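Good morning, and thank you for joining. Please keep the sequence and the model in view while I go through a few regions of the two chains.

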Amino acid sequence: MLAPVRHILPVTTIRRERLLPIQGKISVRKGQKVSATDTVAEASLSPAHLLLDLSRGLGLPPEKTDQHIQCKAGDSVDAGDILAGPVGLARRVVRAPKKARVVVAGGGQVLLEVQNKPFELKAALPGMVMDLIPERGVVIETTGALIQGVWGNGGIGFGLMLVLAKTPNHVLTRDQLEVSYRGSVILAGHCAEEDVIKMAGELPLRGLILASMAPSVIPVAEKSPVPVMVLEGFGQRPMNTAAFNLLTTNEQREVAINAEPWDPYTGTRPEVIIPLPAPGDTQQSKDVQVLEPGKQVYILRAPHAGKVGRLLSAGGMKTFPSGVRALSALVRFDDGTEALVPAANLEIIQ
Amino acid sequence: MLVIDVGAVSTRAMLFDVVDGRYRFLAVGSAPSTDAAPFYDVGEGVQRAIENLQEITGRVIIDENERLIIPATRDGRGVDTFAATISAGPPLKVVAVGLLEDVSLESTRRLAKTTYTGVIETISLNDRRKSDARIDSILRLRPDLILVAGGTDGGASQSVLKLLEAVGLACYLTADEQKPEVIYAGNQELTEEVRSSLTGFASLHFAPNIRPTLEMENLDAAQTVVAEASARVRARQIAGVRNLDEWAGGGLLPTASAFGRLIRFLSRAYDSPKGVLGVDVGASATTIAAAFHGDLTLGVYPEYGLGRGLPGLLEDARLEEIAQWLPQNVPLEDIHDYIYNKSLFPGTLPATKEELAIEQALARQVMRCGLRRAAGGFPASVSRRGLLPPMEPILASGSVLTHAPTLGSCLMMMLDGLQPVGVTTMVLDQNHLAAALGAAAAINPILSVQVLDSSTFVYLGTVISPVGNARPGTPILRLRMVQSNGNETTIDIKYGTLEAIPLPLGQSARVHLQPFHRFDVGMGGPGRSGSLVVHGGALGVVIDARGRPLRMPKDVGRRQEAMQKWLWTLGG
């Protein structure tokens, strides 16, 4: 049986495609080194257009207006440039209200595209540009630690990681955030207060990595300019031991936080990348693997939600205390206890 | 015949063939769906599901080159016909365009909800924005589908064409590979002008006017055009879908459309004054399909699916409304957490009693919300304020129902979620075949009819739900049941109770109903008595006298006691 994989790796090769959602312009070259917050491509995702009624402006019916149009598709115009006219004794004209590009002119109208701030696609990880995908994006590669999460507010950041979570069960409150943390990426446990997110934005932090979060905080987190990501899920959940150990041992290192939302259709998932030199030949880990004995697994649902263990055996169909009958798996935890769980409730950790 | 369904969580391969001269459902193979990461190709899941089916049946269906063997060979390999349905994929982004907010735009929104969509923007005359702002909005949102309606036939024209101006220019400015599908279903007299203004700028399709007069809404034909457009969008979005559509001879259907097709077929076949209701509570969406005299009302609500879209339920239901269905005291925060965690991991299962209770409470609530939305499209002649119109049969599908620990708990969810009135029969699509039979009907209608007639669906039983008001404990109905073997049972039903009288499958009985206090049991009006023949089912004859609309006890202790008692009545 195949199971999804959550990557929590101390050192691996990380290769990511960074793509624009529409065609745009690539602003880096192959072989270039980039940092997580560098812009690698741009596109006009929020275009601004003006549709001018030339007929009305000139006081003519549409069929008589076109002969007075003074621009054509593709022309760049400055504010004040004449687009149509002059017409009549009053020498009526229609002028461009802003600097723009003519998209189409005719039928008594002209459509202008106004320059708008383009969307900037960030690298999201520090590394080297390995490949260019024409008009769409780049492939970036690096080596280092990789810790994947489950939720992010879309922000991207890079900075020194400070660990407030001294235990996996840590709870973050506003009073724990000090001014001296400004500019850093904070690792913490559970957050249930909107004020924490607001304070993170006021300092500001460069990123906030949480073990878990109350769903009531989502609206504020989504609006925050600080990249916020959640490792485990919603409700009070301790950080899983694999992520806790890996992240806390890397305190005071520079980390990249890519808090892009988990999108199964593009493959993007919120993740923390800690650039580290590779000790030798490291390979990319696969995103799906066979559930087999010996694999390290993570339990997604109660009654052992958030626990990490080793798969002892993939069993047959079993009826669970809920009464639901499903394929089962026997897992041994670090404390030596064992539990039978639905195989569908497992992720492989690798 | 082989039918493949690609769901959000599972891909299933269903095999049908002739046994003893009649079509029968033989077996199903399944595998996790692979539309999303890390495969991004439905073909992988389809392959594994077929391989699973081959292991179960011992029948070879795909050859060494992983191609479907069609038609079947003399030595029994392959299949003669193939159909496919799909519900996997993110909801399609739709821009709805109509003239008036509460006329054509409302109908356009309902048309959008006949498949897996989210309406991300609306444009109408009431919209104060100028054309350029509308253009920019469409460009920013990058919709998959633009639905345009407006103007009765022979009615408004200039206003419709003005609305189309922004659509046309936005499509002109969109890169070829991202151009949306545009469906025009407005004033038919404008067809040629619409064609000349949009051809070349968008993938343009036409459907009959969904609002031919102010009083009439007709979504039927347009629904089919929308279903075909959504299949085309999926083929562009997800690898492997085009191949699946080719195997199906271009007939790939959204699962909900195929499900609706079956419900419509049943409505025509039964030819009854009652409607036929189908409910599918899936991971992608909750689908409500109601047909009256062969006219289908279809509502597909991804925001009510028990998967990635589940947080959308909270736009229409408070946590307290969900909590009312729980037999124990669960903090509202826990329900909130559950909803968001389930949306992160849609393929996971409830292993504890507490989590199962929350999941089943959510199933009830999504059915309530889905019915509330769908009821807006029911014919005015059958609409009853706050109550479901008389329906028979009621067919239910979806893993939360079919994998319920007991049939009794499944029927409880259906009764609480749907709250039928009068007399109805409840049927469970145990093998998730309803959509497959709807898809098969286009190719081999006899197969669909014969499989429906077989015992593939679980007949849960007849449910009698009196409607009226009384104090709890008041006798409101006398029921006398005379079985075919002569056994007679008489029982007085009290208001507020749930009762079940055993009547096994294969047996029938005549039931005489005598309501008191002007309760309506569906015999022609309040207080009217009558008799009918009922057939045996897994849970017999169930009398749900808990009231309509159902009001659950607010006190947690009383609610727990009541729910346990009701469940025990239905066999646990």
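I begin in chain A, where strand β24 (residues 296-299) and strand β25 (residues 308-319) run antiparallel and are joined by 3 bridges. Helices and strands here are DSSP runs, H or I of at least four residues for helices and E of at least two for strands, numbered from the N terminus. Two strands pair if DSSP finds at least two bridges between them. Within this pair, Val297(A) has Gly309(A) of β25(A) as its bridge partner.

Before going on, a word on the model and its numbering. This is a predicted model: local features need pLDDT of at least 70 and side-chain atom pairs count only at pLDDT 80 or more, while totals for chains, interfaces and linings use all residues. Residues are numbered from 1 along each chain as its sequence is written, and chains are lettered from A and ligands numbered from 1 in the order in which they are written.

β25(A) also pairs with strand β26 (residues 325-333) of chain A, in the antiparallel sense and over 8 bridges. There, Met317(A) stands opposite Leu327(A). The two strands β25(A) and β26(A) make a hairpin with 5 residues between them, and Gly323(A) in the turn has a positive phi of about 95°.

How do the two chains meet? In total, 37 residues of chain A are in contact with 34 residues of chain B, a contact being two C-beta atoms, placed from the backbone, within 7 Å. On the chain A side, β6 (48-53), β20 (228-234) and β27 (338-342) each give two or more residues, and β6(A) gives the most, with 4 residues. By class, that side has 26 nonpolar, 9 polar and 2 charged residues. Nonpolar covers Ala, Val, Leu, Ile, Met, Phe, Trp, Tyr, Cys and Pro, charged covers Asp, Glu, Lys and Arg, and the others, Gly among them, are polar.

I turn to chain B, which has 16 helices and 22 strands. Of its 572 residues, 53% count as buried. Buried means that 20 or more other C-beta atoms lie within 10 Å of a residue's own, exposed means 12 or fewer, and partly exposed is in between, with C-beta atoms placed from the backbone.

One open sheet of chain B has 5 strands in the order β3-β2-β1-β4-β10, with mixed pairing. Its edge strands are β3 (22-32) and β10 (253-254), each pairing on one side only. Strand β2 (residues 10-19) of chain B pairs with β3(B) in the antiparallel sense over 10 bridges, and Val18(B) stands opposite Tyr23(B) in β3(B).

Strand β1 of chain B contains Val6(B). Is Val6(B) buried or exposed? Val6(B) is buried, with 28 other C-beta atoms within 10 Å. Although Val6(B) and Ser87(B) are 81 residues apart along the chain, their C-alpha atoms are separated by 6.2 Å. Beyond its neighbours within four places in sequence, Val6(B) has contacts including Thr11(B), Asp35(B), Val46(B) and Ile86(B).

Finally, helix α15 (residues 445-453) of chain B has Leu447(B), Ser448(B), Val451(B) and Leu452(B) as its buried residues. Seen down the axis of α15(B), these fall within an arc of 125°, so they line one face of the helix; the arc is that of the directions from the helix axis to the C-beta atoms. They pack against β2, β3 and α14 (434-441) of chain B. The face of α15(B) turned away from that buried side carries the exposed residues Pro445(B), Ile446(B) and Asp453(B).
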